[in-house]
Amino acid sequence: MKKIYFMISAGLIFGILGALMVNWGNPSNMGICIACFLRDIAGGLGLHRAAVVQYIRPEIMGFILGAFITAFSFREFRSRGGSSPILRFFLGAFAMVGALVFLGCPVRMILRLAGGDLNGLPALAGLIAGVFIGIFFLKRGFNLGRAVKTPALLGWIMPAVMVGLLLLVIFKPGFIFQSETGPGSLFAPIAVSLVVGLGAGFLAQRTRMCFVGGWRDIFLVKDFYLVSGIIAFFVAALITNYIAGNFGTRGIYHWGFTGQPVAHTNHLWNFLGMSLAGLAATLLGGCPLRQLILTGEGDTDAGVTILGLIAGAAIAHNFSLASSGAGTGTWGPVSVIVGLVFCVVIGLFMREKAKA
């Protein structure tokens with residue numbers, strides 16, 4: 001019982017922080033969004049030129065470094081990898097495409113609901129549908145292969161890269177891009193963002209928090225441990241938004257589908273976009289947040305997945321796949337269908353490895 005109480009406590013703290021990050025400077029209904037933040041980092045590095053979403057977000061560095069420090073402190077850091085890294089890269093890229101068609105990762109989806117954005121409802125249904133499809137493959141032996149122990153140096157690479165990115169945020173060299181308008185121009189102070197990321201990284205590492213795995217475990221093994229954290233996260237964010245005055249005539253939020261910040265009302269593609277994100281994350285073994293935490297623990301396969309997510313963000317904005325408040329991108333729906341077909345093919349053909 002102590003374990004689930006810790007998870008609920010972690011979810012409550014994370015939800016409070018996710019809501020308050022908006023009051024501290026982050027974009028509305030985007031206090032914490034792994035997909036959006038990785039997209040902004042891709043823009044900050046010049047991998048895409050969408051001028052309104054370019055900023056190297058310190059929260060991402062905090063998540064990985066927080067998990068890294070925590071894993072070392074509890075002797076859980078293990079450098080490992082080799083479990084179909086190329087497939088993980090592409091699954092990560094397609095997960096990002098699905099998230100950007102909806103405009104948010106599973107974490108932001110919950111925060112959007114806690115901020116009154118009912119467009120999160122078809123997205124939640126889509127996420128669960130994607131998880132169901134993933135479970136279908138898992139029950140039939142889907143497996144990306146076994147990770148093996150690797151030299152410790154490999155596990156240090158991504159945390160070292162995060163330190164490098166943090167230095168870029170602090171010193172702001174001329175080759176780094178930063179938005180002057182739009183969501184990328186809105187951010188909390190660097191110290192606040194980093195501390196929140198480090199704290200959330202600690203909580204997520206200790207609890208194994210996952211915003212996709214929670215739904216998977218309910219339907220696959222009838223385990224409510226992970227989903228208890230998701231529910232606590234939603235409740236805490238919702239209550240915090242009301243206490244902080246984010247709802248009401250003077251607030252930034254309202255209940256409904258229309259007029260929501262950084263959102264569109266195309267329910268079909270909100271559903272299918274998150275179906276793709278949920279399916280890809282289930283095949284990968286965890287949501288984007290979980291991939292960050294695993295990366296901090298020394299999992300190089302998760303590190304490759306993060307690179308795939310960043311590449312997916314760059315592709316989405318360079319080739320008009322990502323949505324905007326006006327609706328889906330020109331090629332967004334096509335990319336979601338391609339991604340779903342890719343995931344289904346992988347789900348079908350990677351069963352043999354489980355039998356080997």
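Me: In which helix is the place of Ile-133?
Reply: Ile-133 sits within residues 120–139, numbered from 1 along each chain as its sequence is written. This is a predicted model, where local features need pLDDT of at least 70 and side-chain atom pairs pLDDT 80 or more, while totals for chains, interfaces and linings use all residues; side-chain values use heavy atoms, without hydrogens and water. With helices as DSSP runs of H or I, at least four residues, numbered from the N terminus (strands: E, at least two), the place of Ile-133 is helix 6.

Me: How are helix 2 and helix 13 placed to each other?
Reply: Helix 2 (residues 34–44) and helix 13 (residues 300–318) have axes (lines fitted to C-alpha atoms over the stretch in contact; angles from 0 to 180 degrees between N-to-C directions) that come within 9 Å and cross at roughly 70 degrees. As 65 to 115 degrees counts as such, the two helices are therefore roughly perpendicular.

Me: How far apart in sequence are the parts that Glu-76 and Arg-208 tie together?
Reply: Glu-76 forms a salt bridge (Lys or Arg side-chain nitrogen within 4 Å of an Asp or Glu carboxyl oxygen) with Arg-208, their closest N and O atoms being 3.1 Å apart. Glu-76 lies in the loop between helix 3 and strand 1, and Arg-208 in the loop between helix 8 and helix 9, so the tied parts are apart by 132 residues.

Note on methods:
Angles under 35 degrees count as roughly parallel, over 145 as roughly antiparallel, 65 to 115 as roughly perpendicular and the rest as oblique.
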